[in-house]
Amino acid sequence: MNMFSRQYEEFETSRRWLIGHLKYGPVTVKFKKSNGEEREMNCTLKEGIVVPYQPKTDNTKKQNLEVLPVWDIDKKEWRSFRYDSIISITFGIDNEVKNG
């Protein structure tokens with residue numbers, strides 16, 4: 001297995017892991033926005049909480065696997081963040097997982 005394949009495999013495993021937690025219940029994700037500002041978002045992908053995802057345009061763009069659309073529990077709307085911008089993930093009190 002070459003280095004690129006290994007990195008992709010690790011990325012895909014991490015992506016599936018996070019999506020699994022989001023489908024189970026609320027997760028707090030702290031990430032760096034594209035403007036450099038840090039943001040903390042309470043989000044989920046749990047059925048029964050999220051509303052069906054409606055793309056903002058009719059364009060059929062190829063899905064960017066580096067960006068994860070999630071339901072923002074506080075704003076009650078779809079938001080997204082890049083995987084490489086994640087600073088930490090919290091599943092409950094004192095259960096924070098830091099990136100890096």
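Rings of Phe, Tyr and Trp (its six-membered ring) are paired if their centres lie within 6.5 Å, with planes under 30 degrees apart counted as stacked, over 60 as edge-to-face and the rest as tilted. The model is predicted, with local features requiring pLDDT of at least 70 and side-chain atom pairs pLDDT 80 or more, whereas totals for chains, interfaces and linings use all residues. Residues are numbered from 1 along each chain as its sequence is written, and side-chain values use heavy atoms, without hydrogens and water.

**View A. Aromatic pairing at Phe81 and Tyr83.** The structure holds four aromatic pairs. Phe81 and Tyr83 form an edge-to-face pair, 6.5 Å centre to centre with 70° between the planes. Together with Phe31, Phe81 and Tyr83 make up one aromatic cluster. Phe81 is buried (under 20% relative accessible area), at 2%; Tyr83 is likewise buried, at 12%.

View B. Ser85 lies in the loop between strand E4 (77-82) and strand E5 (86-90); strands are DSSP runs of at least two residues, helices of at least four. Ser85 counts as buried because its relative accessible area is 12%. Its side chain reaches the backbone oxygen of Arg82 at 2.6 Å. Beyond neighbours within four places in sequence, Ser85 contacts (heavy atoms within 4.5 Å) Lys30, Phe31 and Lys32.

**View C. The largest nonpolar core.** This core, a set of buried nonpolar-type residues joined through side-chain atoms within 4.5 Å, has 15 residues, and among those touching the most other members are Leu22, Phe81 and Ile86. Helix H1 (3-24) and strand E1 (27-32) are among the elements that each supply at least two residues of this core.

Technical notes: Buried < 20%, exposed > 50% of the residue type's maximum accessible area, 1.4 Å probe, protein only. Polar contact = N/O pair within 3.5 Å; in protein donor to acceptor, adjacent residues only side chain to side chain.
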